Amino acid sequence: MSIFKKIFSSEKKESLDKGLEKTKTSFFTKLGKAVAGKSRVDDDVLDNLEEVLVTSDVGVDTTLKIIERIEQRVAADKYMGTDELNKILREEIAGLLSETHRGEATDFELPEDKRPYVIMVVGVNGVGKTTTIGKLAHQFKAKGFSVVLGAADTFRAAAIDQLQVWADRVDVPIVKQKMGSDPASVAFDTLSAATAKNADVVLIDTAGRLHNKVNLMNELSKVKRVMQKVIPDAPHEVLLVLDGSTGQNAFEQARQFTKATEVSSLAVTKLDGTAKGGVVIGISDQFQIPVKYIGVGERVEDLQVFNKFEFVDSFFS
Ligand SMILES: Nc1nc2c(ncn2[C@@H]2O[C@H](COP(=O)(O)OP(=O)(O)OP(=O)(O)O)[C@@H](O)[C@H]2O)c(=O)[nH]1
Ligand SMILES: [Mg+2]
């Protein structure tokens with residue numbers, strides 16, 4: 001068990017390190033320029049550092065908090081060398097993130113007293129909802145949980161097909177109706193089937209785009225209401241998926257969605273292949289909702305349970 005766990009976590013680390021490569025290259029190139037020719041951390045260096053953080057999509061508010069923490073340290077040690085900046089940044093970012101305890105997940109686990117545990121997956125179109133559901137189904141199944149998928153994105157025929165592909169690949173049952181049918185009705189059927197099967201977890205896919213935003217939010221509310229006819233406290237989790245490669249846009253989506261509907265956890269996808277991985281630091285700091293999962297690649301194993309310390313570790317290693 002312990003050997004298995006070690007192998008697994010080293011794989012997780014490898015995938016994370018690889019996924020963050022672009023962000024790290026870009027960040028440390030900028031950081032190098034920010035301190036070029038400077039031996040001491042002075043006001044110029046701090047100004048440059050602020051710009052590096054903002055342009056790395058950490059977000060203005062979080063950047064200011066980090067700079068403030070570093071300023072305090074510089075005030076205490078006026079001769080702080082720029083060669084120490086890496087270490088200090090790492091410590092201060094880890095320190096900042098550790099101030100919030102939002103019940104972060106440690107593994108692909110499910111609370112024991114809620115069966116089937118219903119996760120409704122929401123987010124605008126193209127962010128990675130369906131892919132994340134496929135990856136989650138794989139991870140939960142690998143943990144021994146029985147999974148049922150619900151194809152409540154009935155807006156496009158391709159959406160149902162895409163979830164079917166995942167159901168086949170992971171080998172889990174899917175409940176679907178034809179395109180254009182009522183998403184709430186699909187969700188109702190899915191929960192009924194999952195209850196009859198004594199399933200452990202239900203993953204409900206939803207549409208990212210409707211004719212307009214108000215329609216979308218109304219539809220999500222209706223899906224929720226109808227699910228509660230089968231399982232009164234469903235959905236147990238509303239997982240908002242954000243595309244990390246859109247940087248500041250991901251913040252904006254998080255803001256709008258959390259205003260319009262109750263969101264209980266976040267997944268930030270597509271961190272591989274982008275230099276905007278700093279968004280995760282800002283989003284973890286800014287939102288009262290935990291970042292539970294991150295997507296760092298296309299393979300099923302590349303969906304990880306987000307651990308802020310592993311993240312900072314990988315970032316600065
Ligand atoms: N590189 C990379 N690609 C990802 C990741 N997550 C999702 N994708 C890709 O993003 C694209 C969109 O993903 P979908 O899962 O279809 O997104 P969606 O939110 O379901 O989109 P709609 O159904 O149109 O609302 C696909 O090509 C996925 O392969 C990730 O972590 N890394
Ligand atoms: Mg989809």
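Analyst: Sorted by class, the second largest pocket is lined by three nonpolar, twelve polar and nine charged residues. Keep in mind that this is a predicted model.

User: Which residues sit closest to the centre of that second largest pocket, and how much space does the pocket hold?

Analyst: The second largest pocket has about 370 Å³ of space. Of its 24 lining residues, Gly-126, Val-127, Gly-128, Lys-129 and Thr-131 come closest to the centre. As for secondary structure, α6 (129-142) and β4 (201-206) each give the lining at least two residues, and α6 has the largest share, with five.

User: What makes the span of helix α9 agree with its length?

Analyst: Helix α9 runs over residues 213-227, so it has 15 residues, and at 1.5 Å a residue it should span 21 Å. Its end C-alpha atoms are 21 Å apart, so the two agree.

User: Which residues of α9 are buried, and what covers them?

Analyst: The buried ones are Leu-216, Met-217, Glu-219, Leu-220, Val-223, Lys-224, Val-226 and Met-227. Their cover includes the strands β1 (117-122), β2 (147-152), β4 and β5 (237-243), plus the helices α8 (183-196) and α10 (248-260).

User: Why is Phe-287 called buried?

Analyst: The cut-off for buried is under 20% relative accessible area. Phe-287 comes in at 9%, so it counts as buried. You'll find Phe-287 in the loop between α11 (279-286) and β7 (291-295). Leaving out residues up to four places away in sequence, Phe-287 touches Arg-102, Phe-251, Ala-254, Arg-255, Thr-258 and Leu-266.

User: What lines the largest cavity?

Analyst: Ser-284 shows up again here, together with Leu-97, Thr-100, Arg-102, Glu-104, Ile-289, Pro-290, Val-291, Phe-306 and Lys-308. That makes five nonpolar, two polar and three charged residues. The volume of the largest cavity is about 60 Å³, and the structure has one cavity of 30 Å³ or more.

User: How do you know that Asp-171 is exposed rather than buried?

Analyst: Exposed means over 50% relative accessible area. Asp-171 has 57%, so it is exposed. Asp-171 sits in the loop between α7 (157-170) and β3 (174-175), and has a positive phi of about 65 degrees without being a glycine.

User: Where are the cis peptide bonds at Pro-116 and Pro-235?

Analyst: One joins Arg-115 and Pro-116, with omega about -10 degrees, and Pro-116 lies in the loop between α5 (85-98) and β1. Another joins Ala-234 and Pro-235, where omega is about -10 degrees; Pro-235 lies in the loop between α9 and β5.

Key
Residues are numbered from 1 along each chain as its sequence is written. Chains are lettered from A and ligands numbered from 1 in the order in which they are written. This is a predicted model: local features need pLDDT of at least 70, side-chain atom pairs count only at pLDDT 80 or more; totals for chains, interfaces and linings use all residues. Side-chain values use heavy atoms; hydrogens and water are left out. On a 1 Å grid over the protein atoms alone, a cavity is a set of points where a 1.4 Å probe fits but cannot get out, and a pocket is an open set with protein on both sides within 12 Å along at least five of seven lines; lining residues have an atom within 4 Å of a point. Grid points are joined across faces, edges and corners, and a volume is the space filled by probe spheres set on the points. Helices (H or I, at least four residues) and strands (E, at least two) are DSSP runs, numbered from the N terminus. Ala, Val, Leu, Ile, Met, Phe, Trp, Tyr, Cys and Pro count as nonpolar, Asp, Glu, Lys and Arg as charged, and the others, Gly among them, as polar. The expected span of a helix is 1.5 Å times one less than its number of residues. Buried means under 20% relative accessible area, exposed over 50%, partly exposed in between (1.4 Å probe, protein chains only). Contact means heavy atoms within 4.5 Å.
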